[in-house]
Structures are given as structure tokens and as C-alpha cells.
Amino acid sequence: MPMNPEHHHRDLQAAGLIAAAAPAATDQLLNSSDTSTDRPKVVTLCGSTRFWRELAEANFRETVAGHAVLAPGCDMKKAHPMWEEPAAAEELKTALDALHRWKIRACDEVLVVNVDGYVGASTRAEITYAHQLGRPVRYTDPVGHAVILDRPGLDPVRIGPYEHESRAEEIAAGLRRQLHHTSHVEGTVITTGAFRPDLDHLDPQVPRDPYALAEAMDNDPDGDGTGRNFPDLYSRLCAQEPEAYASDLWKRACWAYDHMNAPSDE
């Protein structure tokens, strides 16, 4: 049975009012002067509604752990009269997105339901927002490890994910050794840390095929195909492979790179 248009409009108005009023209520929910021992930790769930069952399971587990849970309340991937019209669906989605941002502001911690490591664009944006607010973020599934290159005056470079922390540490150590053999920004510091799905990362695996490596060189905005830039593919290759093999592979990749970029006879 089609939804009564008057009820439909009323429900959309209600969703919009909730989202609009939420910021004013944040301080009331999280009162920093509240030192009572019975105040529970507030956890906000983030994740694709394709994992509706897993979101419900996470809600259950967090509640049993004694936490107050704020979670998505609508699965718009399932048909419903309230969002069957595209315009109505877009309006409601905007209101629900604003409401969930409030839930992130109102929480002590964010729990991302990332089944098999999946994090969609909307969830990535929510994770970014949580980090901007200083909210701790944890995940239901492992997210792996990253190698982080902090360069003074430049954006950090992140490489990952690596499944095992030991592998990330091994690559970081190799890159530190390359600091003595390649040109790089003075003051560069190489560390390891948690993989952040909301941030851009370089592919952890440098190609072993010379032509694939040459193509990666061609697409590297920080490289010129000579191995003189840092961080560059050559440094990562040397950190990844034995020295003799890396050197030989790089020579063949440079030949392929020059061949790819040679002027055409036509």
C-alpha cells in the first residue's frame, strides 16, 4: 500500500529536525564534568549497511560489554515506501548522514564494521571525520599495518597494508637504509603504524615484472625514472628485494621505461 503523502512528508521533516537539532544536544549527552562511575562508554558504529547483520552483531556485543551504542537505524539498500522516490531518498539520505555525523560527535569511540576489510567511500569519510574530532577508531576485522614516511614540509607517504607488523617493520628498516643511498628530504623519518582505510596508501608490493615496474615509474608523480627521488620505487624495491636482484630488475625496468617514452618515428 503506498505511503500517505502527508505521513511521508512528516517523517522526512522529523528526520531533518533530528539532524538539525543534534549539534545543540551534543554537550548535554557528553558532559565533561560528569564524573559519575555509572556513565557508560558511548560507541558509534560505522560501516556499510550491506553488513546489516554484522552491524547488529557488533551492536549486541558492545551492549553486552556495557557500552551505550549509537548505530545506523535505516537500511536504505532495502526497499521501503519512505524512500521509493529518488528525490525523497536523496533528502532522507542527507538527513541521515547528518544525524550519523552527530552520533560520531556524541561518542567516546568509533567502531568500524569492516567485514573482510571492506570500507566504502561513505565509511571512509566518517572515519576521517572521527579522526578530525580526535575520536579513537577501532575495527571489527584486522586492517593491517603501514609504513609511514614523514617528510618535513610535505604530506606524509603511507605504504600498505601489510598483513603482519613484522613485514612492515622489515620494509621500514630497508627504507631507512636507503636514506644513505638516495636523494631525499632532509629530516625524513620512517616509522610503522596502523593502516588507515580513510587515507591514501601506496601499493605495498612493488612490481617484479620489468614492464610493470616501468609503467609504475611512468605513473609515479614523485619519480622521473632515474631512481634519484625519495621516496621512489627504487628505494622501495631495494627494501623489498635482495640487493643484487633489485639492481638488475631496476636496470631492465629503466630500459623498458626509456623504450616506452622514446620519441615516435611517425
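A: Contact means heavy atoms within 4.5 Å. Keep that in mind as we go, and remember that this is a predicted model.

Q: Got it. Which residues does Trp-52 touch, leaving out those up to four places away in sequence?
A: Trp-52 touches Pro-72, Gly-73, Cys-74 and Asp-75. Trp-52 itself sits in helix 2, residues 52–64. Take Asp-75 from that group: Trp-52 and Asp-75 are 23 residues apart along the chain, and their C-alpha atoms are separated by 7.4 Å.

Q: Is Trp-52 buried, exposed or partly exposed?
A: Buried means under 20% relative accessible area and exposed means over 50%, with partly exposed in between. Trp-52 has 28%, so it counts as partly exposed.

Q: Now the helices. How do I read a pair of packed helices?
A: You describe two packed helices by the angle between their axes and the distance between the axes. Here, look at helix 7 (residues 233–240) and helix 8 (residues 243–260). Their axes come within 8 Å and cross at roughly 145 degrees. The crossing is right-handed.

Q: Which residues meet where helix 7 and helix 8 touch?
A: From helix 7 you have Leu-233, Tyr-234, Leu-237 and Cys-238, and they meet Ala-246, Leu-249 and Trp-250 of helix 8. Sorted by class, that contact has 7 nonpolar residues, no polar ones and no charged ones.

Q: What about the loop between helix 7 and helix 8? What does Glu-241 do there?
A: Glu-241 is found in that loop. With a relative accessible area of 11%, it falls under the 20% cut-off and so counts as buried. Its side chain makes a polar contact with the side chain of Arg-208 at 2.7 Å. The Glu-241 side chain also makes a polar contact with the side chain of Gln-240, at 2.8 Å. Leaving aside neighbours within four places in sequence, Glu-241 is in contact with Gln-205, Arg-208 and Ala-246.

Q: On to rings. How do I read an aromatic pair?
A: A pair of aromatic rings is described by the distance of the centres and the angle of the planes. This structure holds 2 such pairs. In one, the rings of Phe-51 and Tyr-118 have centres 5.9 Å apart and planes at 75 degrees; over 60 counts as edge-to-face, so that is the label for this pair. The pair links distant parts of the chain, 67 residues apart: Phe-51 lies in the loop between strand 1 and helix 2, and Tyr-118 in the loop between strand 3 and helix 4. Phe-51 is buried at 10% relative accessibility, while Tyr-118 is partly exposed at 34%.

Q: And how are the rings of Tyr-234 and Trp-250 arranged?
A: Their centres are 5.1 Å apart and their planes sit at 50 degrees, so this pair is tilted. It joins Tyr-234 in helix 7 to Trp-250 in helix 8, 16 residues apart. Tyr-234 is partly exposed at 22%, whereas Trp-250 is buried at 8%.

Q: Last one: what should I look for in the backbone?
A: Check the peptide bonds and the phi angles. The bond from Gly-160 to Pro-161 is cis, with omega near 5 degrees, and Pro-161 sits in strand 6. Then there's Asp-116, which has a positive phi of about 55 degrees although it is not a glycine. Asp-116 is in the loop between strand 3 and helix 4, and at 74% relative accessibility it counts as exposed.

Note on methods
Residues are numbered from 1 along each chain as its sequence is written. This is a predicted model: local features need pLDDT of at least 70, side-chain atom pairs count only at pLDDT 80 or more; totals for chains, interfaces and linings use all residues. Side-chain values use heavy atoms; hydrogens and water are left out. Axes are lines fitted to C-alpha atoms, for helices over the stretch in contact, and angles run from 0 to 180 degrees between N-to-C directions. Helices (H or I, at least four residues) and strands (E, at least two) are DSSP runs, numbered from the N terminus. A crossing is left-handed if the near helix is turned anticlockwise from the far one by less than a right angle, and right-handed if clockwise. Ala, Val, Leu, Ile, Met, Phe, Trp, Tyr, Cys and Pro count as nonpolar, Asp, Glu, Lys and Arg as charged, and the others, Gly among them, as polar. Buried means under 20% relative accessible area, exposed over 50%, partly exposed in between (1.4 Å probe, protein chains only). A polar contact is a pair of N or O atoms within 3.5 Å; within protein, one must be able to donate a hydrogen and the other to accept it, and residues adjacent in sequence count only if both atoms are side-chain atoms. Rings of Phe, Tyr and Trp (its six-membered ring) pair if their centres lie within 6.5 Å; planes under 30 degrees apart count as stacked, over 60 as edge-to-face and the rest as tilted.
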